[in-house]
Amino acid sequence: MSAKANSLKEEGNRYFQDGEYKTAEMLYGKAIQQDSQNPKLFTNRAMTRLRLQSWEPCIDDCLRSIELDKSTNMKGYYYLAQAQLALHHPNEAFHSAMTAYHECIKTNSSSTRNVSQLVLQAKKERWEAKERERIRRRSALLHELEEELQRKMGVELRRVGIMCEGREETSDAREEREEVESTWRRKIEELRSVFAIADEGLKERVRTAHLILLSPRLPL
């Protein structure tokens, strides 16, 4: 790192420590202009942009830092995972966090605990996103099946109505209409019961999954 870039970085560090993140971001940017091939300058600015909640620029800095140093760039992946989570991209965040975690394990880093917590958070949000999508599809399926049963009930009721058209409804016709309504409404209730039973199974899955997600053990 050139002397000028290092001086700007150190000044940026001081402003960062004082909570002056915009000024620190500007100084890190000037340092990058002096030495655009130094991955640590990009991770410094990425960390500042995390504090500023500038998620997309943070991701850009992380990816540039990783491009310059893929092998030992734990911080680049760690900050990248945080920004990806903030943008609700749990799959990408999980993979980034796991890469950072593996780097921590290899170097026996003091950041291992923080990184492992981020892995668990990304894992939890990834699972929740999958469940939201599953519930959305399930609700759409239930609605579609109910509509089909309602349609079939309507067809049967129209058939009964056509048979009685032009004359007063007899007791037999009325009983048949009521039987048709009862049969199809019972089918609709049975359908809802099947989905309700599935929901009970889901609740148990949720409880089990949360226990697993809260476990300190991580996939290696």
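Helices here are DSSP runs of H or I with at least four residues, numbered from the N terminus. This is a predicted model, so local features need pLDDT of at least 70 and side-chain atom pairs count only at pLDDT 80 or more, while totals for chains, interfaces and linings use all residues. Residues are numbered from 1 along each chain as its sequence is written, and side-chain values use heavy atoms, leaving out hydrogens and water.

**Thr-48**
- Look for Thr-48 in helix H3, residues 39–51.
- Thr-48 has a relative accessible area of 0% and is therefore buried (under 20% relative accessible area, 1.4 Å probe, protein chains only).
- Beyond its neighbours within four places in sequence, Thr-48 is in contact (heavy atoms within 4.5 Å) with Phe-16, Tyr-21, Ala-24, Glu-25 and Tyr-28.

**H5 against H6**
- H5 (residues 74–86) packs on H6 (residues 90–107) at about 155 degrees, with the axes 8 Å apart; axes are lines fitted to C-alpha atoms over the stretch in contact, and angles run from 0 to 180 degrees between N-to-C directions.
- That makes the pair roughly antiparallel (angles over 145 degrees).
- On the H5 side, the contact residues include Met-74, Tyr-77 and Leu-85, and on the H6 side they include Pro-90, Ala-97 and Cys-104.
- The contact residues split into 11 nonpolar, 3 polar and 2 charged.

**Cysteines**
- The disulfide count (pairs of cysteine sulfur atoms within 2.5 Å) is 0.
- Cys-62 is in no disulfide, and its nearest cysteine sulfur, from Cys-58, sits 4.1 Å away.
- Cys-62 is buried at 0% relative accessibility.
- Cys-104 counts as buried too, at 0% relative accessibility.

Methods
Helices (H or I, at least four residues) and strands (E, at least two) are DSSP runs, numbered from the N terminus. Angles under 35 degrees count as roughly parallel, over 145 as roughly antiparallel, 65 to 115 as roughly perpendicular and the rest as oblique. Ala, Val, Leu, Ile, Met, Phe, Trp, Tyr, Cys and Pro count as nonpolar, Asp, Glu, Lys and Arg as charged, and the others, Gly among them, as polar. Buried means under 20% relative accessible area, exposed over 50%, partly exposed in between (1.4 Å probe, protein chains only).
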